[in-house]
Every structure is written in structure tokens, then in C-alpha cells.
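Subject: Structure for your attention, with notes on its cavities

Dear colleague,

Please find below the structure that I am handing over to you.

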Amino acid sequence: MSRLAGLRRVAIFGVVFGGIMAVVIWSAGGVTSGYEGPRVTPVARPDDTGSVLPMRGGFSVGDGSGVHVTRDGTEVVDGQPLPYRAFEARWARQKPRPGSSSEQRRLHAEQFALLLFHLRPTPTEPRPRAIEGPDTTRIDAREAELSIREGEEFRADLVGDVTVTRHAVDGDLTLRSERLFVDAETRQASTEEHVVVEGRGAHIEGTGLDADLDTPRALLKRDVTGTFLTRPGELAGEGGVPGAAPVPATITCSGSAEVHGVGKSQKRWRVEFRENVTVVQGDRTLRCGRLEIEFRLASGTRDGLEILRSVADGNVLAEGLREDGASTYSIRAVSAETTRDAKGGNDVTFLGGTQAIFEGVLSTSGTGRVEVTCAGPAVFHTDGAASRPDRPVRSHATFRDGVVAKQWNAKTGDLETEIAAPVVSLLGARDAAAGGRLVPEALTATGSDAERVHLKRLALRAQSGNVTWTVHPEQGIERLILTGTPTASFDDTGGMNLTGVARDDQPARLLLTASNEINATYYRPEDLAPEQPLALVSATGGVVVRRIVGERESYRMSAQTTDVRVAQDRRPSSLRAHGDVLVTGRGERPGDRHVTLRGDRLSASRMGDATADPTTSTNVVVVGEPRRPASARLEEARIDGRPARVHELRAVELRYQDGGTQLIARRGARAVINRSADATEGDALSGEISILASEIRATLRESDGSATPRRTDDLLGIAASGGVTLESRRTVVTGADLTYDHVGGRAVVTGRPARALLRATNPVMSDPALSDPGLAPDANVSYDSFVHSDRIEVELAPAREGQRREVKRITCQGGRIIRYLFDDPTPETPRPLPERLRIDAEGPIELKPSGGRASGNVQMRWESLDAGHRWVQDAQLTCERVSLTFDPKATGRLQDRVTYAIAEGSARRNVVLTSSRGLRATSDRVEVRGSWLLLRSRSSNLVHVVENDPEKGRAREFDCTQGDWNYRTREWREFRRFRLY
């Protein structure tokens, strides 16, 4: 082709192409002008023709200004196509780029603005609005490289101050970057530059972005950092503080972060941080593998975000830090979810095995740390804002499934408390002074029928259905309340032995059970004086206390309520019990005694310091009532198969002290020696010997700790005072004071006077109508012998197999013997009146069941009852000594039962016999056989008799060496060497 022909063809192509472009520009409306900036003016709704409106705008492929482009679409609703506005764009100036054509325009635009409409026609809203506002997205940039294909493509590569604003009902969310690629048709945006996403109270930035502007969704690819203005602790895994001023929380991660809207109304937003997430909010931190936050934007510039929900998973660690970097609390779990309730409170739920450690809580001193672990969920709940500003916001944390709570002492590092339970809750408040952190004030542990709560607290070990642990720092006390048939165990290495059947220095522990509750109060150690307790423990409802030595139970106590005082050495120092108290103790060896204490109240105290002196003992006081006295029962167990011997004391007050070697009964005291082995507590008191007094002191053998069984008596002796009465089956001894040697079988009774009484064997003698005016009001003729003296000694015969121990001998130094004498009843005299023999002496007196002796200025009188039931003297013997023998088991007349009586004089003094009928006789010996008195002379001294007979009106005087006189009939017989004057 020639050069000219070529030029001609170019000229023709220019004319034709220019004409075509002129037509295109004319049909497009030409190049518009007057653009006033990025503000988008309202766009009129499409007409109702239902057709899809084509993209239109006044722009060309050449230079221009004030360009406005719109894009419409259709949505089929109920089978009907409805038009809607998809987006519109404006830019101030444009320049074509190479490759631009009428089919695909490539332009460089300045002051670019794009408005995306996200509403689509619906049956209820067939014509959605097409103006800037909620549910629209506004994109602005200084420059844009545009690629436009009509009806198919509208892409913009934005550069310089790029701003993407998502308009929502409750607030706008804005994205900023220096460069952003946007596809208006697909609503996709992306960049590799630094990006900032923010709204009121939220700020997120990172490098690289993939976004769906319609959903909306924005993915920040790397180097992500977020800052959220929220309540303290709300994003740090501890839960927020309602009503607290918002503080910023900074979030970083090594992976990506994704932000997207939730729901059609776009009132909520959700952001997800991935890989090595760290949240820092004041002195709190949260670390996890992934963090998802759902929130509402702040309503004002100073308001915080409303966090609706957040989820952290992947090795979650929530921690509070001091300035020195030390941890104030830490919570570890696999995942954690924070939700908000309708009242403004929130819950933080940790899953996958939780470990929570708190510093300085649940301790009156405010030091130490508490660790709680569980296999199930752990929920931290915070109530809504307090009703009054001066009230704290209540909060609690609940741990479930295999929960173990431990507390350490910060100063010593000792583990002081450990609780294992199915459910444990920490109850407290959000302390404003502590930055809104949870400050627990109480702990509750809840068990089940299959799994009980296990507790260890200092010397306390316990099991129960429930445990409540409260702390009162201002009072310096901590309180543990155990309910649900609790059982508690206390270390008791230094004492609290209630029965003395085991040594106090043996390692032991106290087991305490109750049907109602056990309450333990602990005091702050640094505030205690030396004599003050470390703790007080009380139990109510069917309480049982057991002392365990090794694997053996040394005693058991039951009561309605019990109080235990724990000393600062962490060992019980005192114990009190109330209501139907029963204590039973059993020795370790086969021959050890068994002890039973019963009363309405009991108190026990440990004597001395068990740490310094391992031989400390326990004093026990048991108190009853006059109508229901306290009792102590001692059973001397035998190792040879013989029946056990039982001793019992009853009184209003019983004291068991000196390591169980002294048993003191006061106020209406009564001791019964050698009761029947099968006698029970409810049986009437009866035994071989009974002692009554105001106070009785029983001495018991001390436990020597030997493993060799012994056969000796446990009861060594008794001392009694105040109206003493010693009573056996046939003997009663009364006085002011008594000492009784149980091993030797001897008793000494003193008084002014003391009195011994031998019961009668004749049934007639039990007639209370025959009372003795000369004796105490309670004495009657059911006794056939009396001994009166200031000091009476009683000797007991050893009990034979199957028999009772009886009085063997009664002795005294000076006093009186009264012996009642009876004839057997006859038809004529069914109730014969008794006579009595009364003996007074200044020297030793001895009385046996079959006789007696007296010496030292002895006066022996025969007395009988007159018609007025008064004792009158029939005869009297004055001598130096007298011996009596009689057979209480014999029958028949009186003289058959009374064997004899012998009265003797001395070298300086003869026996003198006088009678009420004027008889006076002297002799050196008088034998009494029944009613006959046999006067004898064993030397050259003669029996001298002076006899006056008032009835016969005569008197006589004679001597003899032997004469028998009947004091009843007043007749003489068998005179020897008789000489009458």
C-alpha cells in the first residue's frame, strides 16, 4: 500500500470513530459538571415498570468532571421482578487510561465516592429506600483506578485516604486504609496495606484485608491489634463490672482477625482474633488461641461497647498482674465464653478443665492464695449494677465436676485448706478499690448422695453434704458451716481423753458426726492472745464424738449439741456437750475397764500444754438434774471369763479428772460398788455396797500403758463427805465423812456421832410402827443392831463366787451398841414388842453379824417398850469389857437366838448389875444367856447382892460365889455358897 493510501485510511477511521464516539457521548448525556464533593445526593426510586435499569451516567472515555453513575438490579419476589437501587458512584474528575473502550472503560478518577445499597425488595418492603443511611456502605478515596463494563463490572482500585463507612442503626463502623480494591458488583474489597476498622468504642488495625461489603465481613490478615472500650475485666476473662467506667482493652494476635455484622439489622458486630491472642486491660490479661467478641457499638463517644458475648478457646489464661509482675489471680481452661444477661450482668463460662488461682482471698489476714480446679464448667457470674452507688456489685464463681479448692498460707507456704466436691462456688463482690476484681467473701461446696464434700482445714478433716466458708476480715474470723450429716475429724495428739481408759499422750484423733450441722469459727492467728483459741467448733443434732487411737475407738460420746475449743497448737483443748449426753469408753487391753458417763451436760478441758508436756490429762464434768442425775459407770472387765464387776456413781455433778484417776460426785451423790454385771443404766441402783453423800471422790487405777493385761481392781477407794451413808445388804453406816479402801475392803466413817446399823432378819422387825424415839426419824426397828461412835471402821468380807460382799466386822474407839431382841410371834402376840440391849463403852467396840465386843467403862442396859412405846430400862451392867454372841439365823424363843453375853470387870473394878426394881449386885464376871444373868466369881471376891422388893415391902442383902438372876421374872436360882445378911 502507498503512503498516501495509508494516510487516507487513517483520516477515514478518525472521522468514523469520532462520529461514533460523539453519538455515544450524546446518548450518555454528555460530560456533566458542577460536582460538589463526595456527598451523594438522594437517588429517586426506580419507576414501577419492573424493567432492569441499565447503568447510566454522564461520563465518557475522555477527560471530564462531575461524573455520576448509578447501577440498578432486580429481585424476584412472589414471582414478580422488582427493581432496586444497587449502588451509585460519583467522582470529581476523570482521565481515560490506555485500553479504555466503549465496552470497558478504564479511567483514573479523583475524589471518588461509592454508595452501596444493601436492602433488597421483600413482600413487606417492595421498594427499599435508596438514600444514604442505615444498611448502606459509603466508600471514599482521593483517587481511583476504575474498570467499568456496563451491566457486568464496576471495579475500583482506590488510593489515598480510603474510607469505608458501614452505616448501621446503632452506629457506624469505619474502615480506613491508604489503598483498597473494591468490586461494586460482587461487593468485595481487598488490600495488602495497613487497615484500620473502628467505631464508637472499637478500634482494630492490621495489614492486609479481604472484605465482603454486603455481608458485611472484613478479614484483617496479619499484624492485628484491637482496642475496645469496655467495662473492667469484661474482655479479660473475669467478667465486667456493671456501672463501672469503661477502660480500653488492647488485643493483639499473630494471626488474622475477622469483623462481620450479625443479623439483618446490623445492630451487632462480631470480631474474631486468631492465633496467640493477648488481651490487656489495665492490670488484667487474657491469652488464648482464638478470641471471638460480639458487641454493640457505644452510644456515645465516652461510652463503652456493649459486649454481648465473647468466646476464647485454645489454652485460655486469664490473669491479673501487679506492677511487679506478680499474679493476683489466674484462670486456665480450654475455652471461656462471656455472655450478658437481661439485667446487665454477665457470665463467664470456662470449659475443658479449669484452674483458678486467687491471691489473698478467703483469709482474714488477706494473704495467701486459693486454687480451684475442676473437670467440668466454671461459671463466673456478675449481677447487674447495684441498686445504690454505695453498695458493691455482687459476683460469684461456680465450679463443677471433680472440684478441688486449696488455700495456702503466704507466709509459711503451708497448705491450710483443701476442699473436694462436685460443685464449689466463690461468692463475693467486685471491689472498686481493686479495679473491679472479684474479691471472694465466701465459698460454698455442694455434694450429692453419691459424692460428698471432703474438707481439710488445719487440724480439721471433714465430710458433709454441703460446706459454706465465709470470711469476715473486719472481725478477724473465718467460719465453716457443714450440713448434710457432716463428719469431722480433729488431730488430738495431746489430750481430750474423756474416760481415762487410754493414755492421753497416745496419738489419736477426734471424729465428730452430726445429723444437722457442724460450725467451725477460726480466728486470725496474729491477733490472738496466748490464752485465746485458734478455732471454735460446734455441732447440732444427734452429735457423736469418737476418739480413735490407731484403729481402735477409745471412747464414744453422743449428745444433741457439742462445742469444741481448738488451741493454737491446732489440738482440741476443751469440749462441751448438751442434751442426753452419753460417753462410753473402752480400754485397749482385755483387762482394761469400761467407762460410761451420762448426763444432761458435759464439759471437758485439757490440762497443760500438750506440746511441752505429752502427759497432759483431761478433766471432765458431767452435770444432770436432781430428778435426773448424772451417772458414771465403771465396768472392770475380766480376762479370765469371770463376770465383770460394775461400779456406778450418780450425782447432780460428776467430775472426772487427773487422767481418769479421780471421779468426783457432788450434790446428792451416790456410789454403788459391785453392781450386777447385767444391770443397765435404767435399773435402780443396787449392789454389794452403796454410799450416799454430798460429795464422793472415787480413786481409780491409772492406765500404765502396758500391753500386759492385769487382774487388779480399777477402783482403789472412795472418800465421801457431807451426810455420808454406807449401806450393804444388812448394814448401814452413817456419818459426816467416809474413806473406803476398795482393794482392802475397809471403810472408815467419822461423825458426831457416826452410826452403824445392822438390818434385822425377822420380818416383824420391818414394821415401821415400832419406831425408836431416841434415834433419827428415819431409823426404825427394821434394824436389829446399832453402833454409835465418832469413828467407825467397817471391814468387808471378800465376795465369794455367786455371793455378795457383806460386812465382816464393825469397830470403833468408844461409842454405843444397840441390839434389838425379839420373840417369835404367837397367836396371842402376833406382833410382840421388842426389847433391846444397849451397850456404851469408852474403849474399842467391835460388832459382827454373830456378835460383838466392847471395853473401857462399859455400860450394858436391857430396855423394853412401855405402853406408851417409850424405852425404859429393865437392867444395867457396868463392867470393863463385854462380849456378845448370837445366832441371827436361829428360830424359836429369844434365848435360843441369843447365844451368850459375857461381862467382865478388872482388878480394880467389878461388874455392877442394877435393875429398875432395886437390885444391885457386884461381881467380877456376868454371863448373859437369854433373859438369865449368871453372876460368877472367879476369885476370892464374892458376889454381893442388895435387893429391894417394893411390891413385897422387904429388902435383902447376900453374898455368893454364883447366882443366876432373870431380869424379866426377877427370880434367883442356883446359889452357891450363899450367905444372907
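Predicted model: local features only at pLDDT ≥ 70, side-chain atom pairs only at ≥ 80, totals over all residues.

Residues are numbered from 1 along each chain as its sequence is written, and side-chain values use heavy atoms, with hydrogens and water left out.

A cavity is a set of points, on a 1 Å grid over the protein atoms alone, where a 1.4 Å probe fits but cannot get out; its lining residues have an atom within 4 Å of a point. Grid points are joined across faces, edges and corners, and a volume is the space filled by probe spheres set on the points.

By this rule there are 4 cavities of 30 Å³ or more. The largest cavity holds about 170 Å³ of space. It is lined by 17 residues, of which R166, L173, L175, P216 and A218 are the closest to its centre. Two or more lining residues come from each of β6 (153-167), β7 (173-183), β9 (202-212), β10 (217-230) and β12 (257-262). By class, this lining has 10 nonpolar, 4 polar and 3 charged residues (nonpolar: Ala, Val, Leu, Ile, Met, Phe, Trp, Tyr, Cys and Pro; charged: Asp, Glu, Lys and Arg; polar: the others, Gly among them).

The second largest cavity has a volume of about 50 Å³. Its lining includes L235, G237 and L286. At least two lining residues come from each of β14 (284-296), β15 (306-321) and β16 (327-340), and β15 gives the most, with 3 residues. This lining has 6 nonpolar and 3 polar residues, and no charged ones.

Yours sincerely

Methods: 1 Å grid on protein atoms, 1.4 Å probe; cavity = no way out; pocket = protein on both sides within 12 Å on 5 of 7 lines; lining within 4 Å. Helix = DSSP H or I, 4+ residues; strand = E, 2+ residues; numbered from the N terminus.
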